[in-house]
Amino acid sequence: MKTQHTPGPWRIGDAGNTVFGLPDTVPDQAPVIIAGLGKARGAKAANARLIAAAPDLLEAAKRFFEVTDVQYAANFHDLRDDIAKAQP
């Protein structure tokens, strides 16, 4: 299934308050702003790091189910639910 969000990796801008991604459909296109968070201090800086990590975290969670024993993976229904929230 093709994602509908801007694919990762996402990066935090130099000022620390903008998360951006590079679109894969047009190679020379400017970065896409994912989130603008205002002054990057405290919780806002932490939010920027979490948002920037989101595509990588989603892919890692999906890979977990690809390589994990079915009976063991059954214990992680919350993770399956969270993956479903991130996909259409």
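Before the strands, one definition: two strands count as paired if DSSP finds at least two bridges between them. What I am showing is a predicted model.

With that, the first pair. Strand S1 and strand S2, residues 18–21, pair in the antiparallel sense over three bridges. Within that pairing, Trp10 has Gly21 in S2 as its bridge partner, and Ile12 stands opposite Val19 in S2. The hairpin of S1 and S2 has five residues between the strands, and Gly16 there takes a positive phi near 85°.

Gly13 also sits in the loop between S1 and S2. Is Gly13 buried or exposed? Gly13 is buried, because its relative accessible area is 17% and the cut-off for buried is under 20%. Leaving aside neighbours within four places in sequence, Gly13 is in contact with Thr18 and Phe20.

Now the second pair. S2 and S3 run antiparallel and are joined by four bridges. Pro31 is placed in the loop between S2 and S3. At 45% relative accessibility, Pro31 counts as partly exposed. Pro31 and Trp10 are 21 residues apart in sequence, and their C-alpha atoms are 9.6 Å apart in space.

Put together, these strands make an open sheet of three, in the order S1-S2-S3, with antiparallel pairing. Why is one side of S1 and of S3 left without a neighbour in the sheet? Strand S1 (10–12) and strand S3 (32–36) stand at the edges and each has a single partner strand, so one side of each has no neighbour in the sheet. On average, and with direction ignored, neighbouring strands of this sheet are turned by 30° against each other.

Helix H1, residues 43–67, packs on the sheet and touches S1, S2 and S3. The direction of H1 makes about 160° with that of S1. In S2, Val19 and Gly21 form a covered face, while Thr18 and Phe20 form an uncovered one.

Next, H1 on its own terms. H1 has 25 residues and reaches 34 Å from its first C-alpha to its last, close to the 36 Å expected at 1.5 Å a residue. Where does H1 bend? The bend is at Ala54, by about 50°, and a proline, Pro55, follows within four residues.

The buried residues of H1 are Ala45, Ala48, Ala52, Pro55, Leu58, Ala61 and Phe65. On the spacing in that list: an α-helix has 3.6 residues a turn, so residues three or four places apart point the same way. The buried residues of H1 pack against S1, S2, helix H2 (70–73) and helix H3 (77–85).

Ile51 is also in H1. With a relative accessible area of 25%, Ile51 is partly exposed. Not counting residues up to four places away in sequence, Ile51 touches Trp10, Val19, Ile34, Ala35 and Leu37. The C-alpha atoms of Ile51 and Trp10 are separated by 8.0 Å, although the two residues are 41 apart along the chain.

That brings me to the cores. Which residues form the largest nonpolar core? There are six: Trp10, Val19, Ala35, Leu37, Ala48 and Ala52. Val19, with residues up to four places away in sequence not counted, touches Trp10, Arg11, Ile12, Val32, Ile33, Ile34, Ala35, Ala48, Ile51 and Ala52. A second, separate core has five residues, including Ala61, Phe65, Ala73 and Ile83.

Last, the overall figures. The secondary structure comes to three helices and three strands, and along the sequence the pattern reads β-β-β-α-α-α. Of the 88 residues in the protein, 22% are buried. Among contacts with a separation of 6 or more, 30% are between residues 24 or more positions apart.

Conventions. Residues are numbered from 1 along each chain as its sequence is written. This is a predicted model: local features need pLDDT of at least 70, side-chain atom pairs count only at pLDDT 80 or more; totals for chains, interfaces and linings use all residues. Side-chain values use heavy atoms; hydrogens and water are left out. Helices (H or I, at least four residues) and strands (E, at least two) are DSSP runs, numbered from the N terminus. Axes are lines fitted to C-alpha atoms, for helices over the stretch in contact, and angles run from 0 to 180 degrees between N-to-C directions. Contact means heavy atoms within 4.5 Å. The expected span of a helix is 1.5 Å times one less than its number of residues. The bend at a residue is the angle between axes fitted to the seven residues ending there and the seven starting there. Buried means under 20% relative accessible area, exposed over 50%, partly exposed in between (1.4 Å probe, protein chains only). A nonpolar core is a set of buried Ala, Val, Leu, Ile, Met, Phe, Trp, Tyr and Cys residues joined through side-chain atoms within 4.5 Å.
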